[in-house]
Structures are given as structure tokens and as C-alpha cells.
Amino acid sequence: MPLPALRTFEQRIERHLRVLELKKSVIERDIRRQFRLFERKRDGIGKKIEEKIRQFERKRGIRFDDEVHFIRSWIERPLRTGAVTPSGKVLARAMARYVDPESDGPVVELGPGTGPVTQALVAAGVAPSRLVLVEFNPTFCRLLRGRYPDATLVQGDAYSLRRLLEALLLQPAAAVVSGLPLVTKPMKMRLRLIRDAFDLMLPGAPFVQFTYSVASPLPRRLAGFSVQASERIWMNIPPARVWVYRKADDGRRANDYR
Ligand SMILES: C[S@@+](CC[C@H](N)C(=O)[O-])C[C@H]1O[C@@H](n2cnc3c(N)ncnc32)[C@H](O)[C@@H]1O
């Protein structure tokens, strides 16, 4: 390209870049404004939803305390809570089905929330004393402590799993069942979590995870573990799928694909 033509070309590119920059900052400003608006309104929105639920309860003579706890928690920390309502019974049962109640060792549950999956595990025959529940939210922890006094409750960040559980588990875990909203975390964190979980588990033991998203929350074709998926569970709101990852019993560690 002759020099003047090259200069004109460069100038055009620069002009486009400036326009893009300008558009980007306008979009960013708009997002920040929308977020501030949401922040201002969210308490009001939360109270309205709660009031509607209470009206429904009064009419029907039933209580939805867990749902109210969940909505409050979602309003305060939407990304961390990861759902607006607790999992339904069908999804909770589907998760529990992957845990062998006759197996040996503790069963770790990450992000039990108000405990629907915990309840399904116990109903499937897992003794509450085998359960190790790792939950961040103090309100959910209080609830769980009252409901499962024989379980071990760890209030903390599940993404520091090794630090939290290494000394606590006296034998390898028979399963890890997770309700964590994994997809809100970077892939590197998810892989570190499953590596830590596998290090705490028996070879071949399941890491059971549900997700609302279409794809597997962990890559399907990575060496070192096998992957299994349930059918989509349409009876849950929103519909979900259960993914089960097992460490391949070939000496490789999950670090090998970090
Ligand atoms: C989508 S909810 C699932 C709750 C419950 N398992 C269910 O199925 O209804 C995610 C849960 O994970 C908890 N959670 C999120 N991040 C966490 C973390 N880093 N450590 C421990 N718990 C966490 C939330 O407080 C919430 O209880």
C-alpha cells in the first residue's frame, strides 16, 4: 500500500476506535446507572415480593419461610446466592440419587442453603452424622444447625475447601454434593475447587453438581475425570440438570489440567 493510502487507512481505523471507545464508555455509564437504580429499588422490590408471598400464605394457610429466606438472601447477594428459590424436591432427589447411602465416609455438601438437598440425602438413607455442610450465609447456617444438629456445619467459603476440610475429615469423603452457583466463578476457580474436592475424596467417588445453564459448568473433555449428566429436570423452577464428575482412577490428579 502506498504511504498516503496507508495513512488514510490508519486514520480511518483510529476514527473507528475512538467511536468504539466513546460507545463503550456510554454503555458502561448506562450499566452503572441501571445498577444504581436497581440498588435503590431492590429493598422495595424485595418487600413487595415478600408481602405477596405472605398474602398467599395467609390465604392458603401454609408457610413459605425457606422461600422468603432465599429471596432475601438473593436480594442481598444475587451472584453468591445464585437462585431465587430453593431447589425443588425432584431436583434434590435427583442429586441425592448419585450418593450411595451404603458407602463409607463423610458426605460433603457445598452450599446447602435452606437444606432441600440435605433433606433428600437423609431421606435416601445417608445418616445425618455423616454430613459435612459447608455454607457461607449465616442465616442459612442458623437454619441448618437447627434442622440437622447431628451434621457437622462449617460456616465458610467453599472455594477454600482444602483449608476448611483437610483437618476436619478423618477419612476420605464418599461424595461431594454441590449447590454452589459455579458458573458465576471464573473457570480457574471451578477447576481448583474440583481438584481440592477430588483430593479429599475416594477415587471414583462422585462430585455432584446441579446447574441451570445448558452446558456443563466444568469442561467435559478434560483428562483426569469422567463426566455423566442427568436428563434436564423440567419439574424444577428454573429447569436444571445434574452433572456428575468422577476422578479417573489412573493416578492423574485434577492439578494436571489446571
Ligand atoms: C443456588 S443456592 C443452592 C442452595 C441449595 N443447595 C438448594 O439446592 O436449594 C447456592 C447456595 O450456595 C451458597 N454459597 C454460595 N457461594 C458460597 C461459597 N463460596 N461458600 C459456601 N456457600 C456458598 C449460597 O449461600 C446458597 O446457599
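Ground rules. This is a predicted model, where local features need pLDDT of at least 70, side-chain atom pairs count only at pLDDT 80 or more, and totals for chains, interfaces and linings use all residues. Numbering starts from 1 along each chain as its sequence is written, and side-chain values use heavy atoms, with hydrogens and water left out.

Now the shell. The ligand is surrounded by 24 residues, each with a heavy atom within 4 Å of it. The closest are S87, G111, E135, D157 and A158. By type, the shell has 14 nonpolar, 7 polar and 3 charged residues. Here Ala, Val, Leu, Ile, Met, Phe, Trp, Tyr, Cys and Pro count as nonpolar, Asp, Glu, Lys and Arg as charged, and the others, Gly among them, as polar.

Which elements each supply at least two shell residues? They are α3 (78–81), α5 (116–123) and β2 (131–135). Helices (H or I, at least four residues) and strands (E, at least two) are DSSP runs, numbered from the N terminus.

Next, specific atom pairs. The side chain of S87 places an N or O atom 2.5 Å from a ligand oxygen. At G111, a backbone N or O atom sits 2.8 Å from a ligand nitrogen. For G113, a polar backbone atom is 3.4 Å from a ligand oxygen. Overall, the protein covers 98% of the 590 Å² of accessible area that the ligand has on its own; that is Shrake-Rupley with a 1.4 Å probe.

Last, the backbone. The I237 to P238 peptide bond is cis, with omega near -10 degrees. P238 is in the loop between β6 (225–229) and β7 (241–247).

Notes
A polar contact is a pair of N or O atoms within 3.5 Å; within protein, one must be able to donate a hydrogen and the other to accept it, and residues adjacent in sequence count only if both atoms are side-chain atoms.
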